[in-house]
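Keep the structure open as you read.

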Amino acid sequence: MVVECTSIQDLNAVMFEGIKNRHQGSHELNKDSSRSHSILTVYLISETENKEENHVYKKYGKISFVDLAGSERLKESLSEGNMAKETGQINKSLFTLGKVISMLASKEKMINQKYIPFRDSKLTMLLQDSLGGTSRALLIACVSPAETYVDETVSTLNFATRTMNIKNKPIVQMDAKE
């Protein structure tokens, strides 16, 4: 869905509508488990008028806010039916994202590989320009201090570390209109 927003209030309304539509479920590990990833993409256009040159300059930007559903182990969550199917889809897209990030972060792997598998997942296709393009990426990793989740915490921190190793070259796009 594309919505034109002219104020921060418009943007907040769109964001909260998206939050309401987010699919959640309950299982043994989490009573409010995210059952889907969520992406909010904001396209920005800034206009600057240069009266001396009689030009209007436009700058274009894009910000993608991504909230990933966490990976799950079926044995621990005791998910069944549709929830088990969702778990498989979530884990597959996270696996593909991890594969893409590993390839982008490792120059040796990129030399030996003919392509980066962005097309293997809808998630990685949507994040292609953010991860391997001309943008900057910021990852906020949610971890638990609980000793029982040490494996998941270490895995998340390793994922975040690989993401930090991606080196993009951000550019600013500008159009001049007379």
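Two residues are in contact when they have heavy atoms within 4.5 Å of each other. With that in mind, threonine 163 is in contact with Ile101 and Leu139, leaving aside its neighbours within four places in sequence. Please remember that this is a predicted model.

**The helix**
- Helix 7 covers residues 150–164, and its 15 residues reach 21 Å from the first C-alpha to the last.
- That reach is close to the 21 Å expected at 1.5 Å a residue.
- Thr153, Phe159, Ala160 and Thr163 are buried in helix 7.
- Looking down the axis of helix 7, you would find its buried residues within an arc of 125°, so they line one face of the helix.

**Threonine 163**
- Threonine 163 belongs to helix 7.
- Threonine 163 has a relative accessible area of 13%, and it counts as buried because the cut-off is under 20%.

**Arginine 162**
- Arginine 162 also sits in helix 7.
- Its relative accessible area is 29%, which makes arginine 162 partly exposed.
- Not counting residues up to four places away in sequence, arginine 162 touches Gly98, Ile101, Ser102 and Ala105.

**A link to serine 102**
- How many residues apart in sequence are arginine 162 and serine 102? They are 60 residues apart in sequence, yet their C-alpha atoms are 6.2 Å apart in space.
- The side chains of arginine 162 and serine 102 are joined by a polar contact of 2.9 Å.

Note on methods
Residues numbered from 1 in each chain as written. Predicted model: local features only at pLDDT ≥ 70, side-chain atom pairs only at ≥ 80, totals over all residues. Heavy atoms only, no water. Helix = DSSP H or I, 4+ residues; strand = E, 2+ residues; numbered from the N terminus. Buried < 20%, exposed > 50% of the residue type's maximum accessible area, 1.4 Å probe, protein only. Polar contact = N/O pair within 3.5 Å; in protein donor to acceptor, adjacent residues only side chain to side chain. Expected span 1.5 Å × (residues − 1). Arc of directions from axis to C-beta.
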